Amino acid sequence: LWVGGDVGALLVYLAAEPPTGELAACPADDPAARFHTWVHHRDIGHGLAWTAVFPEVLEGSYHLLDDDGAPLVPVTVTGGTVHQLDLR
């Protein structure tokens, strides 16, 4: 995982594992540029949570996508930081 300059990361906590086992996202201004990551059940220090990690994301505005590819929630990634989003 490299975070710095105009590259950040996104950590998303979910209430349940998505049916596909993945979570997808896309730049807010380019829905066709979708990317995804696997969702894993992880120990987060005070219990287990379904967790998706998007490493090395360019700074900008994104949408997390639902299972049908529709925008679920907007998120902004800032370079040099790990943004955490709790959707539980």
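Mentor: Before we look at this predicted model, keep one rule in mind: two strands pair if DSSP finds at least two bridges between them.

Trainee: What makes β1 and strand β7 a pair, and in which sense do they run, parallel or antiparallel?

Mentor: Six bridges join β1 to β7, residues 82-87, and the rule asks for at least two, so the two strands count as paired. Their sense is parallel, and within this pairing Val12 has Leu85 of β7 as its bridge partner.

Trainee: Why is strand β1 described as mostly covered?

Mentor: A residue is buried when its relative accessible area is under 20%, and eight of the eight residues in β1, which spans 7-14, are buried. The cover extends to both faces, with Val7, Ala9, Leu11 and Tyr13 buried on one side and Gly8, Leu10, Val12 and Leu14 buried on the other.

Trainee: Which residues does Val12 touch, leaving aside those up to four places away in sequence?

Mentor: Val12 touches Leu23, Trp50, Thr51, Ala52, Phe54, Leu64, Leu85 and Leu87. In the largest nonpolar core, which has 15 residues, Val12 is among those that touch the most other members, together with Leu10, Leu23, Phe54 and Leu64. The elements that give two or more residues to this core are β1, β2 (22-27), β4, β5 and β6 (71-77).

Trainee: Why is Thr51 called buried?

Mentor: Thr51, found in strand β4, has a relative accessible area of 2%, and the cut-off for buried is under 20%, so Thr51 qualifies. Its side chain reaches the backbone oxygen of Ala49 at 3.0 Å, and, apart from residues up to four places away in sequence, Thr51 touches several residues, including Leu11, Val12, Tyr13 and Trp38.

Trainee: What makes Phe35 and Phe54 an aromatic pair, and of which kind?

Mentor: The rule counts two aromatic pairs. For Phe35 and Phe54, the ring centres lie 5.6 Å apart with 90 degrees between the planes; centres must lie within 6.5 Å, and planes over 60 degrees apart count as edge-to-face, so this pair is edge-to-face. Phe35 lies in strand β3 (residues 35-43) and Phe54 in strand β4, so the pair ties together parts that are 19 residues apart in sequence.

Trainee: How do you know whether Phe35 is buried or partly exposed?

Mentor: At 28% relative accessibility, Phe35 falls between the limits of 20% and 50%, and therefore counts as partly exposed. Phe54, at 2%, counts as buried.

Trainee: Why is the pair of Phe35 and Tyr62 given its label?

Mentor: Their ring centres are 5.8 Å apart and their planes stand at 90 degrees, so this pair is edge-to-face. The pair links distant parts of the chain, with Phe35 in strand β3 and Tyr62 in strand β5 (residues 60-65), 27 residues apart. Tyr62 is buried, at 10% relative accessible area, and Phe35, Phe54 and Tyr62 form one aromatic cluster.

Trainee: What makes you place Arg88 over the face of Tyr13?

Mentor: Arg88 is 5.2 Å from the ring centre of Tyr13, where the distance limit is 6 Å, and it lies over the face of that ring.

Terms used:
Residues are numbered from 1 along each chain as its sequence is written. This is a predicted model: local features need pLDDT of at least 70, side-chain atom pairs count only at pLDDT 80 or more; totals for chains, interfaces and linings use all residues. Side-chain values use heavy atoms; hydrogens and water are left out. Buried means under 20% relative accessible area, exposed over 50%, partly exposed in between (1.4 Å probe, protein chains only). Helices (H or I, at least four residues) and strands (E, at least two) are DSSP runs, numbered from the N terminus. A polar contact is a pair of N or O atoms within 3.5 Å; within protein, one must be able to donate a hydrogen and the other to accept it, and residues adjacent in sequence count only if both atoms are side-chain atoms. Contact means heavy atoms within 4.5 Å. Rings of Phe, Tyr and Trp (its six-membered ring) pair if their centres lie within 6.5 Å; planes under 30 degrees apart count as stacked, over 60 as edge-to-face and the rest as tilted. A charge sits over a ring if NZ of Lys or CZ of Arg is within 6 Å of the ring centre and within 35 degrees of the ring normal. A nonpolar core is a set of buried Ala, Val, Leu, Ile, Met, Phe, Trp, Tyr and Cys residues joined through side-chain atoms within 4.5 Å.
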